[in-house]
Structures are given as structure tokens and as C-alpha cells.
Amino acid sequence: MLTSRSPLALRPILRSLVTRGYASNFRASDLTIKPRTSPPRVKSPKEQLAFGKEFSDSMLTIDWTREGGWGIPVIEEFGDLAISPAATGLHYGIQCFEGMKCYFSPSDDSLRLFRPDLNMARMNSSMQRLAMPGFDGGEMIELLKKFCEVEKEWVPKGAGYSLYLRPTAIGTHPFLGVDVSDHVKLFVIASPVGPYYPTGFKPVSLFADSTNKRAWPGGVGSFKVGGNYGPTILPAKEAMEKGFNQILWMFGDDDEVTECGAMNLFFVVQEGDKKVLWTAPLSRGDILPGVTRKSIIDLCESWDGIEVRESFPKMPEIKKASQEGRLLEAFGAGTAAVVSPIERINYNGYDINIPATGELTSKVWDELNGIYYGDIEGPEGWSVRV
Ligand code: COI
């Protein structure tokens, strides 16, 4: 008998979902590795690596079409993509990406990823926001592991070094109508990296920009879409010309602090006998849910002597805390930069000077790096062996 729970009864529903493309998935077990035809690229000595300028030999690609769903995952030679000049990703910013790193752990000669499940969840949410198809994060993590294994010679060894992974999804549908993209390409490229800033772990200075806004309530600031980054480049360039390294992004009449550069931003302030780690909340949808941000919050919540506060700090409050000697530390956090200490913020022409790399900044840096490279065990599931 055909009951509502029988597989046969479910088939028409599944078929309709597959036809719409959204229910199909790719499987790591279907991976095809195409043989290389050109010789391996030359690897620079790690000390010469500048962030994101060199790329490994291969890339992972998976195509999706509305009619056929996800295709077979392929690892092939790194090279230019052939897409139509009419592709939706080139015209309407139907594009999103992730930033992850693969680390070499000298303790057991393993390669490791850091909380890749969070990147996969965020990528799914960015793709969903752009009306792109979803995918199974677990399958993608297995593919990333295989990709890292293939590219293992490209993982630079040593503290501060890693293979930066850039999963990206673009609309490839050749269609100029402003509409859902019927073709999507998901790909992953890899770049051996050292410190994100040419200055290394040196503290940075920020210009609090009261003109330009990075994100706003109801916008897409909480999604990792390229459209959140491109428009920041001109203000950042102008800030650099004024002698600052990055912008501090504010929002609202009260100059609420949101993010800095392409990083989440943290302050450490003294309140009575309490030390507070203060960062903007995700609740309004204008803050990127950073993996490093979450990990710092998770760690600090488990440590004694520090209270975590997720609410919007206002620049006048930060200025006041500084004038009262209560602004102890400030740092930006992100996958690429890890933790970037801040030594100066220019707010309406007034310089807020912050003590050099503080106690908590260093503790967070040491703990995260310890976990990344397998020297510290870390919470369950954070460090994932390839
Ligand atoms: C990252 O921290 O991985 C980022 O994506 C920031 C930037 C390089 C775009």
C-alpha cells in the first residue's frame, strides 16, 4: 500500500525538487581528478609570500544548472575560467566567497582545517541570499580535504604560514535580465600565505570614517558577498593616503562601531574591577559572522576574568574610555589577518591611542594559533584533520 511515508509517495516531491535543482547534491565520492598537463608552478620561499598573490597548481570546480542540478566535482589544473561575458556574476554581483586556511601541524605531520563547518554554513547562507542553490557542507568538507591532500606540497610550514583556501560561487548564467541565475560555478582556489599585512603582526591604525558606510540594517553586511568588499576599496585607499592602515566602519547617528577593514573589531575595556571584551552583535544583520570572531568569543567565554559583551560600542564611549585610561586593547579579527592589534584610531580628527599589543590580544593570538597548528587540543571539532 502507498502510505504518505512510503518512498514511492515521496518520489514525485523529490523529482520536483530535483527538477528545480535545489534538492540535488554533489558527492565527494564522485570526485574526478584530471591529470595535469603542465609542469608544477615554481614555489616562492615562504618568507617572500605576499597575501593572495601566488596560487597552487590545481583548483576544485563544480557546476550547477537549474535543469541538471550539481555536476561532478573535478580537481583540475589551476587556470582561467571560460565564462560568458554575459554571465550574471559579472553584471549583478551574483558572487560570494569564503576564506579558510589549511595548516601543517608539526606535532603529527598532519594537515588541518579550522572549524570548516562554520565556513560551509556561512557559504550556504550567502548563496541562499543570492538565490543560488545550496549544497551539503559535509560533502564539501570532504572535497576540501581531498583538495588539500592533492595540494599538500603547497602548504607552507611554520608559525604564521598556511594554505589559504578561497571557496567561491559565481553566477555563470549568460542572461542580462536581473533574475535568478540558472547556472552557477562553485570553485576553490588555494594560495600559500604568510601574514596578511606586509607589516606582519605589527599594530595597525584606523580612520573612523563618518561618511562611508559598509553595511546597514536590512542590507547584506552579514553575508560574505563580493558586493560588500568592492565599494570599501576607494574609502580604504583614501584612508591609506591619509596615513592609516584601515577604516573603522561606523553606523548611525551615535557612531556605532561595526567592523574595521575586512575584519570584525574587538575592544577590551576596564569597567570597575571587570575586564570586558566588547564587539558588535550579529542581531541586526550588518556584521559578518566571522569564524575567528565566533572562536574568540567562545574562547573568552570559557576563560576566567573576562566578560564578553555583544552590543554596539559607540565611538564617543570608546573615546571616553580611552581618556579615562580604561581602553586597554583593541584588535581586528578575521581568517586572513587572524588577530590584528590596533594602536590608533582617528575619530573626528582626534587620535585615540591604544596601548601596544595587550595581554588578552596576545592570549587570544597564542591560543588560536596553538589550535590551528595542532599544538593545543582546543574544543572538540575545531581542528579537523585532512
Ligand atoms: C578573510 O579573512 O578570509 C577574508 O575573507 C577577508 C579578506 C581577505 C577579504
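1. A salt bridge is taken here as a side-chain nitrogen of Lys or Arg within 4 Å of a carboxyl oxygen of Asp or Glu. By that criterion, one salt bridge is counted between domain 1 and domain 2 in this predicted model. Arg-115 forms a salt bridge with Asp-298, and their closest N and O atoms are 3.0 Å apart.

2. The domain assignment places residues 7–193 of the protein chain in domain 1 and residues 204–377 in domain 2. A distance of 29 Å separates the C-alpha centres of the two domains. Domain 1 contributes 29 residues to the contact, and domain 2 contributes 21 residues.

3. The area buried between domain 1 and domain 2 is about 2100 Å², with 62% of it on carbon and sulfur atoms. As for polar contact, twelve residue pairs are counted between domain 1 and domain 2, both residues being at pLDDT 80 or more. On the side of domain 1 that touches domain 2, two or more residues come from each of β5 (95–97), β6, β7, α3 and β8. The largest share of that side, six residues, is supplied by α3.

4. With neighbours within four places in sequence left aside, the residues in contact with Met-140 are Phe-26, Leu-60, Ile-62, Met-120, Phe-135, Leu-186 and Val-188.

5. Val-338 is not a glycine, yet has a positive phi of about 60°. Val-338 is found in strand β17, which spans residues 338–347. Because the relative accessibility of Val-338 is 7%, Val-338 counts as buried.

6. The second case is Asn-348, also not a glycine, with a positive phi of about 50°. Asn-348 is found in the loop between β17 and β18 (350–353). Asn-348 counts as exposed because its relative accessibility is 57%.

Note on methods:
Residues are numbered from 1 along each chain as its sequence is written. This is a predicted model: local features need pLDDT of at least 70, side-chain atom pairs count only at pLDDT 80 or more; totals for chains, interfaces and linings use all residues. Side-chain values use heavy atoms; hydrogens and water are left out. Contact means heavy atoms within 4.5 Å. Domain bounds come from an automatic or database domain assignment. Buried area is the accessible area (1.4 Å probe) that two parts lose on being put together, summed over both. A polar contact is a pair of N or O atoms within 3.5 Å; within protein, one must be able to donate a hydrogen and the other to accept it, and residues adjacent in sequence count only if both atoms are side-chain atoms. Helices (H or I, at least four residues) and strands (E, at least two) are DSSP runs, numbered from the N terminus. Buried means under 20% relative accessible area, exposed over 50%, partly exposed in between (1.4 Å probe, protein chains only).
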